[in-house]
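Biologist: I have a model open and want to learn how to read it. Can we take it feature by feature?

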Amino acid sequence: MSRTPDHNPGLRPPFTSSAPSTSSIKGIDAIAPQVTQDMDERAALMDEERGGESYGATSSGKQGADVGRRQSTLVKRVKYYIPSTAWIPGYSFSLFTGDFLAGITVASMLIPQSVSYATSLAKLSPVTGLFSASIPGIIYALLGSSRQLNVAPEASLSLLLGQAISDIRHDYDDKRHGPLDTLGLRIATIITLQVGLISFLLGFFRLGFIDVVLSRALLRGFITAVAVVIMIEQFIPMFGLTQLQHILDPETTVDKIVFLCRYALTRMNPVTAIISFSALFALVALRSIRNKFKGVWWIYRVPEVLVVVVVSTFLSEKLRWDLDGVDILGEVDVHTGGSFIEFPLKHSNIKFLHRTTSTAVVIAVVGFLDSIVAAKQNAARFGYSISPNRELVALGAANLAGSFIPGTLPAYGSITRSRINGDIGGRTQMASLVCSGVVLLATFFLLPWLYYLPKCVLAAIIGLIVWSLLVETPHDVLYYWRMGAWVDLAIMALTFSLSIIWNIEVGVVVGLVVSLLLVVHRSSKTRMTILGRIPGTDRWKPIKENPEAQESVTGALIVRIRENLDFANTAQLKERLRRLELYGIDRLHPSEEPRRQEASVLVFHLADVDTCDASAAQIFLELLDEYKNRGVGLFMTHVRPELQKTFDKAGIVDLLSTDAFRENVADAIAIVEGARQRDPSFSQ
């Protein structure tokens, strides 16, 4: 059950009766819709397990009950898969004040941010950023399960989009293909369409678990590289070198670093540089002041970005900075194409499909990882649950809807904005609807007021975002160093280096491949250990964990497999067993001489094995057949009924006979010892 951070129910002596206070009643009303939604979601999941008929019911009564049950199930399913059908009808207006303030506050930050991302990172019209900050947010609010997640353009994703647009622009010219803005809009549209489709399909096929297979080290390396690349990109307009950049056209990040070193001091525009770094200093100072006064609501809720934008625009108009060579936003056309809504699968867009698919995949994966982290943080904070698969579907639908407006940037959840949304008082998706509504109003009515906004101020705003991206990097690096996590440090360094030297996309793809290879490598090693007898008992324990446990039967190797068997971890089962057989539990190099004799009896303890897939069963059968041909005695103990059925179907039971399947290890060892007493040559 969630409650606002400042809610304090107080303490009462036990067995004291008193009428509920007005504030308590309001608190109950505020959380009631959320509790109802959570109960509906749980009921939707449990409903399939319910069934049966009432004793003594008539046939018509049974039919009526069945119809009612089906209707109830349908309603629960709809509420589960479309969360807005659950929270909108039960919305309490006692929540509206907090949602409204949160929406207004986030929108005041998001408007200048989205304009900055569109112009400085994606190299598109400011309107594309504003539409990206409104339309996808509305769709997500209706379909998403996170109540605080704010869906809009992100700096890293906008940078990836901008790099894809720049790469393709180098291959086209104005005369043959029209204005560059049109080309950029087409590329952005097809990328956003693919991003939405990829996210939707990942959720539809229930692949939301991908957030657990990618390491935090990879994400930290990616985020750090993005921050550095973005900062280098923004130094160019902050020093007033945009026109010179267009002439010399440095492509890679390294080229831009060299460009800045050569021309930043000799060819810069002094007025632009003063405005840029003054704005950046003001942003950092205002944010520091705001964070120190979190208890004073009217200070904490002041959006420093909006303040700097308003002040700089006013001063630019009064002092006519544009006459001193300062680039300003100028007049912005609200239309991004022939009409507001266009079908994205046009030939002019599809021809860029193949060249942009890799970028779309990276954006979809990275965007989802950021979104799910933000969603989980808020779900844990406010006491509700989310589904990664439903989040993917909602994010996919949001981007698919956005692609119908030409040039819309990919939109995903933001950790920072979502946290602020919850801090201000956002408790439902209504805050996102309010935020998107305010951004739409600004798109159609406020853009003319930003005519004199210096573009270098937009670059300074992104500089503030870069600072927030970099602030956690030293902590993570020191943590991995202190923990001796050299693999994590290597992944972080590899992702960072390739992103800087080559490009962001290559760095992320290589980091993803390395992380997945590590996951596969670790999962391919079957977890198993050697068991020994506790002296004077019939109990068998791992000898690595219990020093008193002893291998009391000569030539008998008792192995406990500690996980389910599948095609991945069974492929190396033969090699793993061979190492246990010859080297025991000691970690020795294969070039070392064997420390043990080959086993004459092999006993498998399978209490921890619940399932075994077909491929694993086939490999296991071949392994057992090889041991049998070697004359090794084989026993299976603690075999569960479902596993027994799998072994029977695979032919393992026929290979070993039913006598080889014993209830426990003690039974198997008793058979071995008895056989040796009768025939000393048994399994020698």
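Modeller: Start with Gly-325. Gly-325 is partly exposed because its relative accessible area is 43%. The classes are buried (under 20% relative accessible area), exposed (over 50%) and partly exposed in between, with a 1.4 Å probe and protein chains only. Keep in mind that this is a predicted model, where local features need pLDDT of at least 70, side-chain atom pairs count only at pLDDT 80 or more, and totals for chains, interfaces and linings use all residues. Residues are numbered from 1 along each chain as its sequence is written, and side-chain values use heavy atoms, with hydrogens and water left out.

Biologist: Where is Gly-325 found, and which residues does Gly-325 touch?

Modeller: Gly-325 lies in the loop between α15 and α16 (347-350). Helices (H or I, at least four residues) and strands (E, at least two) are DSSP runs, numbered from the N terminus. Contact means heavy atoms within 4.5 Å. Leaving aside residues up to four places away in sequence, Gly-325 touches Asn-269 and Thr-272.

Biologist: How do I read helix packing? At what angle do α13 and α15 pack?

Modeller: Axes are lines fitted to C-alpha atoms, for helices over the stretch in contact, and angles run from 0 to 180 degrees between N-to-C directions. Helix α13 (residues 270-292) packs on helix α15 (residues 304-319) at about 145 degrees, with the axes 9 Å apart. The crossing of α13 and α15 is right-handed. Handedness has its own rule: left-handed if the near helix is turned anticlockwise from the far one by less than a right angle, right-handed if clockwise.

Biologist: Which residues of α13 and α15 meet?

Modeller: From α13 come Ala-279, Ala-282, Leu-283, Leu-286, Arg-287 and Arg-290; from α15 come Glu-304, Val-305, Val-307 and Val-308. This contact divides into 7 nonpolar, no polar and 3 charged residues. Here Ala, Val, Leu, Ile, Met, Phe, Trp, Tyr, Cys and Pro count as nonpolar, Asp, Glu, Lys and Arg as charged, and the others, Gly among them, as polar.

Biologist: Now salt bridges. How many does the count come to?

Modeller: The test is a side-chain nitrogen of Lys or Arg within 4 Å of a carboxyl oxygen of Asp or Glu. The count comes to 24 salt bridges. One of them joins Glu-233 and Lys-123 at 3.7 Å, N to O. Glu-233 sits in helix α10 (residues 216-238) and Lys-123 in the loop between α4 (96-121) and α5 (126-132), 110 residues apart. Glu-233 is buried, at 11% relative accessibility, whereas Lys-123 is partly exposed at 29%.

Biologist: And what is the N to O distance for Asp-423 and Arg-381?

Modeller: It is 2.4 Å for that salt bridge. Asp-423 belongs to helix α19 (residues 415-424) and Arg-381 to helix α17 (residues 353-382), 42 residues apart. Asp-423 is partly exposed at 30%, and Arg-381 is partly exposed at 37%.

Biologist: Last, strands. Why is β5 largely enclosed by the rest of the structure?

Modeller: Strand β5 (residues 556-561) is largely enclosed because 5 of its 6 residues are buried. Two strands pair if DSSP finds at least two bridges between them. Strand β3 (residues 528-533) pairs with β5 in the antiparallel sense over 3 bridges, and Thr-529 stands opposite Arg-560. Strand β6 (residues 601-605) pairs with β5 in the parallel sense over 5 bridges. Leu-557 has Leu-602 in β6 as its bridge partner.
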